[in-house]
Amino acid sequence: MRKLKIGITCYPSVGGSGVIATELGKLLAERGHEIHFISSSLPFRLNKVYSNIYYHEVEVNQYEVFKYPPYSLTLASKMAEVINEEDLDILHVHYAVPHAVCALLAKDMTERDVKIITTLHGTDITVLGYDPSLKEIIKYGINRSDVVTAVSYDLVRQTREMFHTDRAIETVYNFIDERVYQEKEVPGLREAYGIKEGEKVIIHVSNFRPVKRITDVIEAFSVVASQMEARLLMVGDGPEKNKAAEVSRKLGIEDKVKFLGNQKHIADLLSISDVMFLLSEKESFGLAALEAMACGVPVVGTAVGGIPEVVLDGETGFITPPEDPVTAGEKAVELLGNESLYKKLSVSSKERAQQQFSSFSIVEQYESIYKTALENE
Ligand code: GMT
């Protein structure tokens, strides 16, 4: 395949969509393509120098006459500038709003035939899609993109249903960097957290938004802690943190629950963990679950969105009804109390992560999408 010039726009802060966009850019660069990140700050996973990755900062200024900073307009202008100056073949944006809409505006400004690829990650569909003031513009972003992809079959289904559209939407699953997400020896880490010999470790990783239902995570953990020596590592930060801490105090398990804040070395923390809880009420994919599986950590997750496409019930973890922390806790107890079952699920988790969500095959899928889009000129 000829080497392409690819622009990528994402929310660069901590979050699954930013992680996927950045990791994809890095892998495409390793395959010889020229990558141009266009975003408001340097994507946080861009942690080493690549001679063929460029960064174009979107500087949003505040003006007294405007009540709100004009992020979308500034982004569209920057995209147009990069399309023209770098002669982009592809502009791959993550999120329909505002990114796809900005890309369409930029394409119109340049009058060039750059192909707009939009990847839906969930929040713009499952949360913003219910907002009548945004519904039509999200639909516009989806319908006018050259190619639309979504990170799970369930997200494709929800998008079609919500926007009454039958336009083609391809499912391209998320992936992890296998070089980073693998089980490893981390000498002294369990001890550093005061985890005793034989104590089981449950982990939860998220942005602690209400959709993650982290108070359910605390309640599910209390079921585990009532039956065995166990610790809960709460990794991340966000609006529900204080409520969750309060619930752990009320349940009298605050000494067993550790809030670690945002962390960079998630694979190290997963390597000292036995089970992950992902008990969200909405989750288009659940990248955190895939990261856990890649490190051999089975997941107890809810039957929502794309989680059951990632975690296979009874094979790589358990799927439980949403808003039912007791069942989730009981499933974790069943798993942790049965050594052979645990071993089987842990091995299958690793295998599934490597086989179904390999970065190599996912990046190839995106490359083939780009190729087809360019051929349809
Ligand atoms: O989960 C979040 O709140 C963050 C959000 C994002 O935009 O990063 O995550 C969404 O995209 C991830 C990457 O595709 C998915 O793994 C998450 O499931 C999805 N979150 C939701 O659907 C709530």
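Biologist: Which residues of strand 4 lie on one side and which on the other, and are they buried or exposed?

Modeller: A residue is buried if 20 or more other C-beta atoms lie within 10 Å of its own, exposed if 12 or fewer, and partly exposed in between, with C-beta atoms placed from the backbone. In strand 4, Ile-90, His-92 and His-94 lie on one side and Leu-91 and Val-93 on the other, and all are buried. That makes five of five residues for strand 4 (residues 90-94). This is a predicted model: local features need pLDDT of at least 70, side-chain atom pairs count only at pLDDT 80 or more, and totals for chains, interfaces and linings use all residues. Residues are numbered from 1 along each chain as its sequence is written.

Biologist: How many bridges join strand 4 to strand 1, and how many join strand 4 to strand 5?

Modeller: Strands (E, at least two residues) and helices (H or I, at least four) are DSSP runs, numbered from the N terminus. Two strands pair if DSSP finds at least two bridges between them. Strand 1 (residues 5-9) pairs with strand 4 in the parallel sense over four bridges, and Ile-6 has Ile-90 as its bridge partner. Strand 4 also pairs with strand 5 in the parallel sense, over five bridges. There, Leu-91 is partnered by Ile-116, and His-94 by Thr-119.

Biologist: Through which helix does the chain cross from strand 4 to strand 5?

Modeller: The chain passes through helix 3 (residues 96-110), and this β-α-β crossover is right-handed. A crossover is right-handed if, with the strands pointing away from the viewer, the path from the first strand over the helix to the second runs clockwise.

Biologist: In what order do the strands of the sheet stand?

Modeller: The order is 3-2-1-4-5-6-7, an open sheet of seven strands with parallel pairing. Strand 3 (53-57) and strand 7 are at the edges with a single partner strand each, so one side of each has no neighbour in the sheet.

Biologist: Which residues of helix 6 are buried, and what covers them?

Modeller: An α-helix has 3.6 residues a turn, so residues three or four places apart point the same way. In helix 6 (residues 153-163), the buried residues are Asp-154, Leu-155, Val-156, Gln-158 and Thr-159. Their cover includes strand 5 (115-120), helix 5 (132-144) and helix 12 (307-310). After helix 6 comes His-164, with a positive phi near 45 degrees.

Biologist: Into which domains is the chain divided?

Modeller: Domain bounds come from an automatic or database domain assignment. Here they give domain 1 (5-175 + 358-375) and domain 2 (189-356). Their centres, taken over C-alpha atoms, are 30 Å apart. The contact (C-beta atoms, placed from the backbone, within 7 Å) takes 14 residues from domain 1 and twelve residues from domain 2. On the side of domain 1 that touches domain 2, helix 6 gives the most, with three residues.

Biologist: Why does the ligand lie between the domains, and which residues are closest to the ligand?

Modeller: A residue is near a molecule if its C-beta atom, placed from the backbone, lies within 6 Å of it. Domain 1 and domain 2 both give residues to the shell around the ligand, so the ligand lies between them. The ligand is surrounded by 20 residues, and the closest are Gly-15, Gly-16, Ser-17, His-121 and Gly-122. Helix 1 gives the most to this shell, with three residues.

Definitions and conventions: Two residues are in contact if their C-beta atoms, placed from the backbone, lie within 7 Å.
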